[in-house]
Amino acid sequence: MSAESSERAPHAGTGASYAAAGVDIEAGDRAVELMKEWVKKTQRPETAGLGGLGGFAGLFDASALKRYERPLLASATDGVGTKVDLARKMGVYDTIGHDLVGMVVDDLVVCGAEPLFMTDYICVGKVHPERVAAIVKGIAEGCVLAGCALVGGETAEHPGLLGEDDFDVAGAGTGVVEADRVLGPDRIRKGDAVIAMASSGLHSNGYSLVRHVLFDRANMSLDQQVEEFGRTLGEELLEPTKIYSLDCLALTRTTEVHAFSHVTGGGLANNLARVVPDDLHAVVDRSAWTPGPVFDLVGRAGQVERLELEKTLNMGVGMIAVVPEASVDAALTTLADRGVDAWVTGEITERGDRATGAELTGDYAS
């Protein structure tokens, strides 16, 4: 987003100018005007009436935290990686923000934290106001889906370092959780069930491998129609990351949850292992689901071994919930009511002599 432009001319004068050096302050100001309506849609009660775009900092009314006995603030930051290059090549800028929000807020919710607000950072080679506003539109829409406010941000114009059409995005978020309700390894017990929530596709991880395989090795093009997708390759690859934060929070309200795991870089097993205690082990059965066709395409086109795919891509699972066996039915019902495709895919067992905290077993369903 852009509450301000990061490179402001210190004074006017003769001779060399900021504009001649490649920084267009007026374009940055126009971008701010274009994005205001979208940012306003993300307001929460704690941000209403507290300043607006153009200030030096975003404000959030922390008195709302008084209802907590011992509020713990959670923070997370992330980007979207090389997926932004595909957005640039396709000229589609209003979905990449969903990816950014999903990467941040779904890290926050893993510990049980409610996302409160986000800030963003957009770095461009040249400010194209409509393009920047479209990126922020996507970020704002993602914040609405996550239930958090977009309270500030920055647009930095870096001529000479980036090409005129190049850009990157990053963001940071803050959430809150009651101290005695923090989720994680300490709550997990032997016999707990592992519930998988379907991803919307590749999400925002592994695109360096995907781009190498599909474009460098298979010589595919973004506008190529792919029968299995029912759309072009580019449209499939730009499918926005699913945002699970409100779904996960709904689970914590309707049933007992011991842990979540956000499946990002490193794949399902590695991310699940991060929330499993040292004496326990998560066994995930591949036969419980069939990865979407995009994962099969990447594997076939690059002759990528299954284990390499699994440690790079989410393989169709974007979020994991670990719940007591007695909570399975309630959890699945809650997720189904919210339109989330979910299924039991494994269980928690004793670690024994296993070297890692989680493993995938069996073969994927055909």
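Colleague: Where is threonine 82 found?

Modeller: Threonine 82 sits in the loop between β2 (71–79) and α2 (83–90), strands (E, at least two residues) and helices (H or I, at least four) being DSSP runs numbered from the N terminus. Residues are numbered from 1 along each chain as its sequence is written, and this is a predicted model, where local features need pLDDT of at least 70, side-chain atom pairs count only at pLDDT 80 or more, and totals for chains, interfaces and linings use all residues. Side-chain values use heavy atoms, with hydrogens and water left out.

Colleague: Why is threonine 82 called partly exposed?

Modeller: Buried means under 20% relative accessible area and exposed over 50%, with partly exposed in between (1.4 Å probe, protein chains only). Threonine 82 has 29%, so partly exposed is the label.

Colleague: What is threonine 82 in contact with, leaving aside neighbours within four places in sequence?

Modeller: Tyr207, Ser208 and Arg211, where contact means heavy atoms within 4.5 Å. The C-alpha atoms of threonine 82 and asparagine 205 are separated by 8.5 Å, though the two are 123 residues apart along the chain.

Colleague: What makes a set of residues a nonpolar core?

Modeller: They must be buried Ala, Val, Leu, Ile, Met, Phe, Trp, Tyr and Cys residues joined through side-chain atoms within 4.5 Å. The largest such core has 96 residues, and Leu272 is one of those with the most contacts inside it. Helix α4 supplies the largest share of this core, 8 residues. Another core, of 5 residues, lies apart from it and includes Phe60 and Tyr68.

Colleague: Which residues does leucine 272 touch, not counting those up to four places away in sequence?

Modeller: Val194, Ser261, Ala282, Val284, Ile320, Val322 and Ala358.
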